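Here are some friendly notes to read alongside the model. Take the points in order, and keep the 3D view open as you go.

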Amino acid sequence: TWHLKKIPQIVSERTFSLDSPKFEAKTKLELNSVCGIECQRKLPVPSLSDLKDLLSYETVFENGTRTLTEVNVLGLVLEPAGNTTARRSLRKKRQIYGTDSRFSIYDKRFMTNFPFNTAVKISTGCSGILISPRHVLTAAHCLHNGKDYVKGSKRLRVGLMKTKSRGDGRKRKGAKRSRREVSAAQQDGTPSFQWTRVRSTHIPKGWFKGVSEDIALDYDYAVLELKRPHKRKYMELGISPTIKMMPGSMIHFSGFDNDRSGQLVYRFCSISDESNDLFYQYCDAEPGSTGSGVYLRLKEPNKKKWKRKIIAVYSGHQWVDVNGEQQDYNVAVRITPLKYAQICFWIHGNDQNCTQG
């Protein structure tokens, strides 16, 4: 069951103008030398002043201007325990683990309906998910490498899925198609994209190098505001439960993997390990699916209805040092109460709509 929690408040204190970014960084969909499972266990709990710094955020606008907003955190109860994880066995290598368990979604009826129609493509090569009529959630490293914004993020666009039939436009003008041909063309649709410009981008300061000594995966998330609202069903945010509270520890996500060009790829798998901010899992995924919204299906309180909500952002395939050896895993950034409050604030522009999640 989804349990309601009281959310800390993120409030804006002041906003500064910054120099325009250079937009010269290379897009890198696989990260190296980040703080992995062993490293996460040793991290101290951030203080309130640390959190205020980490959750302050940059906004980049369509015209290339940039601001920094400093925030305050109200109503937060700091947990005494550190970043604890359950100790499990180390990993095999590769992004596809054993048999490839991904499903390509071809059927137009599925592709254009919830939950698959919430998946979007980001013009820098990543995926994302619709979280409001105007907002998309994705991974920060799809837009920023820790030091500068990536090439292409200045004219950022989001691709909303639409289906086009392979047979469209191939008949001579005036030629009639049989009912069977039309039906086959409708069924055998491949996704094309309706591209929408991005009005502004929010990235938490915790992602930037200089704030943390290295890239902090805990803050690998960003929200894009679209220039025009879409009219599709979007997916709501949820606060990520612990592994024990998930049915079968199973998570789901859909994205546009590079090795399956033009296809929407869905997968589900169980989580194998967790820290306060990250899920470590064995979901089969290739670059391109980075930034996908990871979701769960749980029951609504006091209702018989099931509801899907986003509980993490897929950050991608990571290489890290574990006991002096290079190990790899697929990782997702959990939506904690603090991150829920921040993303909710970015969507609504105030904290009044973000008291519970």
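1. Let's begin with the cysteines. A disulfide is a covalent bond between the sulfur atoms of two cysteines. Here it is taken as a pair of cysteine sulfur atoms within 2.5 Å, and by this rule the count comes to one disulfide. The bond joins C126 to C142, with an S to S distance of 2.1 Å. C126 sits in the loop between β5 (119-122) and β6 (127-130), and C142 in the loop between β7 (135-138) and β8 (157-165), so the pair ties together parts that are 16 residues apart in sequence. The torsion about the S-S bond of C126 and C142 is about -95°, so this disulfide is left-handed. Both C126 and C142 are buried (buried means under 20% relative accessible area, exposed over 50%, and partly exposed in between, with a 1.4 Å probe and protein chains only).

2. A word on what you are looking at. This is a predicted model, where local features need pLDDT of at least 70 and side-chain atom pairs count only at pLDDT 80 or more, while totals for chains, interfaces and linings use all residues. Residues are numbered from 1 along each chain as its sequence is written, and side-chain values use heavy atoms, with hydrogens and water left out.

3. Now the overall picture. The chain has five helices and 16 strands (helices, H or I, of at least four residues and strands, E, of at least two are DSSP runs, numbered from the N terminus). Of the 357 residues in the chain, 55% are buried. A contact means heavy atoms within 4.5 Å; among contacts between residues at least 6 apart in sequence, 76% join residues at least 24 apart.

4. Which residues have the most contacts inside the largest nonpolar core? They are L55, I131, L137, V158 and I343, in a core of 65 residues (a nonpolar core is a set of buried Ala, Val, Leu, Ile, Met, Phe, Trp, Tyr and Cys residues joined through side-chain atoms within 4.5 Å). Helix α5 (residues 337-348) gives the most to this core, with eight residues. Apart from it lies another core, of 16 residues, among them W2, I251, C269 and I271.

5. Of its 12 residues, 10 are buried, so α5 is largely enclosed by the rest of the structure; among the buried ones are L338, Y340, I343 and W346. The expected span of a helix is 1.5 Å times one less than its number of residues; for α5 this gives 16 Å, which agrees with its end C-alpha atoms being 16 Å apart. Just after α5, G349 takes a positive phi of about 80°.

6. Is strand β10 (residues 222-226) enclosed or open? Five of its five residues are buried, so β10 is largely enclosed by the rest of the structure. A222, L224 and L226 point one way from β10, and V223 and E225 the other way. β7 and β10 pair in the antiparallel sense over four bridges (two strands pair if DSSP finds at least two bridges between them). The bridge partner of T138 in β10 is A222. Leaving aside neighbours within four places in sequence, L137 is in contact with residues including A222, V223 and I343.

7. Finally, look at T196, which lies in strand β9 (residues 189-204). At 8% relative accessibility, T196 counts as buried. Not counting residues up to four places away in sequence, T196 touches L156, R157, V158, L160, L226, K227 and R228.
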